[in-house]
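Subject: Structure handover

Hello,

Here is the structure I promised you. Please open it next to this email and follow along.

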Amino acid sequence: MRDMAVAMQVQQDERGLLVRAEGRWRVLSSGVVGGGLREEEDGMSVVNVKVSPDYAMETPPEELIRKFCEENGADASRCVGMMTAASMSTFREAVRRDPESGVEIRVFVTAGLSNARAAADKADWSFSSHLPSMD
């Protein structure tokens with residue numbers, strides 16, 4: 001049996017969430033920065049930055065996430081970044097580990113219902129509607 005456990009440090013306050021890990025880890029995320037399936041060695045972080053419910057991209061997501069990383073000593077070039085309008089008080093972590101394989105799955109969640117959407121619902125906002133004109 002191979003031990004796949006990764007030592008993680010979780011920081012959470014009203015401004016957001018920062019998860020750091022030591023060792024190799026895989027992250028599957030819908031993050032606006034670094035999203036998708038990633039596998040990294042030491043130094044990768046996952047952040048979830050709190051934004052207001054009426055956030056309208058006044059500051060681009062990449063800039064908000066970079067600033068949050070810098071303020072918290074994380075390398076923004078090696079992070080998965082998400083944003084949420086949900087209260088950080090809703091943050092929960094769940095961990096499950098398979099004793100035979102040593103594989104561990106961790107889920108980090110912030111949740112809110114004031115702006116709830118079902119999967120595949122049409123978005124109220126789109127990147128393409130906010131792109132500069134090429135005329």
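Which residues of helix α1 (residues 61-71) are buried? They are P61, I65, F68 and C69. Buried means under 20% relative accessible area, exposed means over 50%, and partly exposed lies in between (1.4 Å probe, protein chains only). Helices (H or I, at least four residues) and strands (E, at least two) are DSSP runs, numbered from the N terminus.

First, some ground rules. This is a predicted model, in which local features need pLDDT of at least 70 and side-chain atom pairs count only at pLDDT 80 or more, while totals for chains, interfaces and linings use all residues. Residues are numbered from 1 along each chain as its sequence is written, and side-chain values use heavy atoms, with hydrogens and water left out.

Seen down the axis of α1, its buried residues fall within an arc of 100 degrees, so they line one face of the helix. The arc is taken from the directions from the helix axis to the C-beta atoms. These buried residues pack against β2, β5 and β6. Here contact means heavy atoms within 4.5 Å. After α1 comes G73, with a positive phi near 70 degrees.

Now look at strand β2. Of its 7 residues, 5 are buried, so β2 is largely enclosed by the rest of the structure. Strand β1 (residues 7-13) runs antiparallel to β2, and 7 bridges join them. Two strands pair if DSSP finds at least two bridges between them. β1 and β2 form a hairpin, with 2 residues between them. V10 stands opposite V19 in β2. β2 is also antiparallel to strand β5 (residues 45-50), through 5 bridges. There, G16 has V49 of β5 as its bridge partner.

R20 sits in strand β2. R20 is partly exposed, at a relative accessible area of 22%. Its side chain makes a polar contact of 3.2 Å with the side chain of Q11. It also reaches the backbone oxygen of G73 at 3.1 Å. A polar contact is a pair of N or O atoms within 3.5 Å; within protein, one must be able to donate a hydrogen and the other to accept it, and residues adjacent in sequence count only if both atoms are side-chain atoms. R20 and M8 are 12 residues apart in sequence, yet their C-alpha atoms are 5.6 Å apart.

Next, the core. The largest nonpolar core has 10 residues: L17, V19, A21, W25, V27, M44, V46, V80, M88 and F91. A nonpolar core is a set of buried Ala, Val, Leu, Ile, Met, Phe, Trp, Tyr and Cys residues joined through side-chain atoms within 4.5 Å. β2 (16-22) and β3 (25-29) are the elements that each give two or more residues to this core. The largest share, 3 residues, comes from β2. Apart from this core lies another, of 9 residues, including L18, V47, V49 and F68.

Last, the rings. How many aromatic pairs does a search of the whole structure find? It finds 1. The ring centres of F91 and F108 are 6.3 Å apart and their planes are at 5 degrees, so the pair is stacked. Rings of Phe, Tyr and Trp (its six-membered ring) pair if their centres lie within 6.5 Å; planes under 30 degrees apart count as stacked, over 60 as edge-to-face and the rest as tilted. F91 is buried, at 13% relative accessibility. F108 is partly exposed, at 25%.

Best wishes
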